[in-house]
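Hi,

Here is the structure I promised to pass on. Have a look, and my notes follow below.

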Amino acid sequence: MNTLRSANMPNSLLPIRISDLGLIKGDRAVLGGVNLIIDEPGITVIMGPNGAGKSLLLRSLHGLITPDQGFITLGSLTVADSRNEQAMVFQQPVLLRRTVLQNLAFAAPKIAKTNPQRLIQALESVNLADRAAQPARMLSGGEQQRLSLARALLDEPALLLLDEATASLDPASVLMIESLVKAQSAQGTKVILVSHDQGQARRLADEVVFISAGQVTEQSPADRFFTAPQTPTAKAYLAGEILL
Amino acid sequence: MDALAEAFRLIITLDADLFEILWLSIRVSLSALAISAVIGLPLGTYLAITKFPGRKFCILLLNTLMGMPPVVVGLMVYLLLSRSGPLGWLGLLYTPTAMIIAQAVLITPIIAALSNQVIENLHQEYSDTFYSMGVTGRRAVAAYLVDARYALTTCVLAGFGRAIAEVGAVIIVGGNIDHLTRVMTTAIALETSKGNLTLALGLGAVLLALSLLVNALVIGVREYAAKRQYA
């Protein structure tokens with residue numbers, strides 16, 4: 001995993017097959033038999049109204065949630081077997097109570113031991129090299145999220161999941177995170193991100209998966225989704241209507 | 001007032017008797033603290049981050065043991081170490097080692113229960129990220145202990161405060177023998193009963209100063225951690 005990923009390298013976690021995935025909370029099906037195949041590299045953006053089940057789907061992919069029904073395979077692997085090939089960036093960055101550099105070293109102890117220079121390079125890539133010795137939790141929100149992304153990318157994951165990772169960040173941090181995500185995707189990492197931000201989805205998405213009320217209602221190439229959405233819900237969402 | 005002045009003189013002149021008692025008190029309590037920290041911190045952490053049947057009962061038990069009366073602890077250790085007890089053959093009764101054991105038994109639940117609460121809060125914050133990074137088992141326990149270091153330091157200091165001020169258990173298993181097992185609290189009890197208020201007050205002043213120092217350390221550690229967002 002520590003070798004640099006290349007764009008020509010086939011992604012071992014594709015295709016991602018989600019079959020009849022169901023999740024029940026209380027007496028409500030928050031994911032109701034989701035079927036989805038993601039087989040193209042690049043960036044897939046999951047969109048949909050609040051409470052549609054976007055984050056739950058992403059967390060199920062990462063293994064943070066065990067579904068009540070259905071299954072997921074990534075390439076030939078199960079979610080559990082693919083865990084070391086995945087990385088996830090959460091909406092709220094959670095950093096250890098240590099310095100910026102120590103946060104990276106903890107995430108990748110082998111790299112820290114054999115190639116510590118790579119940690120510095122990772123910090124340079126998110127413009128935090130000069131903050132290496134600072135307590136990580138004293139960074140601004142945007143800086144903390146940049147550090148989270150650098151940490152997630154250290155091991156060159158085959159699949160990168162981002163759950164509203166740029167929500168409420170400053171524009172400079174959003175721009176930096178987006179360009180890093182694009183660069184990582186260009187190197188062959190499959191990126192799946194949940195976003196409410198239509199502008200961001202238009203900038204990043206190669207493919208859009210639209211979820212409504214726990215069901216995938218549309219899966220289209222990004223150009224087609226934004227110009228000719230297939231479902232009334234997606235049309236209303238893109239028109240900025242409030243969906244309950 | 002005369003007694004207070006005399007007590008102050010004993011401290012200033014580094015009175016040999018007083019400092020022998022003081023040194024033994026600190027030695028016993030620090031040794032007990034070291035044992036309790038080695039057992040209590042990983043135990044509290046393990047209970048905070050591991051799910052197993054009976055876990056809640058274990059936490060309930062720890063919280064109950066936190067309030068265990070020292071005399072009961074003293075009695076239990078006494079029965080264990082007395083000549084007819086299961087560990088009587090070790091010949092530890094009425095030695096500083098017996099006092100260390102009694103204090104360790106007394107404060108291990110305190111350190112374990114307090115650290116359990118600290119780590120449980122941290123675990124709620126870190127669990128998804130640790131899962132994502134594949135951090136489990138011993139590595140997770142070590143990481144929690146390191147990251148909660150300042151909060152855990154205050155737990156440990158609370159344990160020390162309890163140990164150094166404790167009298168019931170050490171008087172039962174130590175016997176308050178002059179130049180052997182006499183510590184500050186047992187000496188204060190004895191000297192007061194003898195009417196020798198000078199030494200009792202001197203020891204009381206030192207005990208208060210120690211308590212003040214421990215509390216100052218707790219506040220200092222908390223402030224340092226908060227300033228660096230490590231709390």
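How many residues does helix α2 of chain B have, and how far does it reach from its first C-alpha to its last? Helix α2 (residues 16–49) of chain B has 34 residues and reaches 48 Å, close to the 50 Å expected at 1.5 Å a residue (the expected span is 1.5 Å times one less than the number of residues). Helices (H or I, at least four residues) and strands (E, at least two) are DSSP runs, numbered from the N terminus. A kink of about 30° in α2(B) is centred on B:A37; the bend at a residue is the angle between axes fitted to the seven residues ending there and the seven starting there.

Before going on: this is a predicted model, where local features need pLDDT of at least 70 and side-chain atom pairs count only at pLDDT 80 or more, while totals for chains, interfaces and linings use all residues. Residues are numbered from 1 along each chain as its sequence is written, with chains lettered from A and ligands numbered from 1 in the order in which they are written.

Now chain A. Its strands β2-β1-β4-β5 form, in that order, an open antiparallel sheet (two strands pair if DSSP finds at least two bridges between them). β2 (28–38) and β5 (77–78) of chain A stand at the edges with a single partner strand each, so one side of each has no neighbour in the sheet. Strands β1 (residues 16–25) and β4 (residues 69–74) of chain A pair over five bridges, and A:R17 stands opposite A:T73 in β4(A).

Cheers
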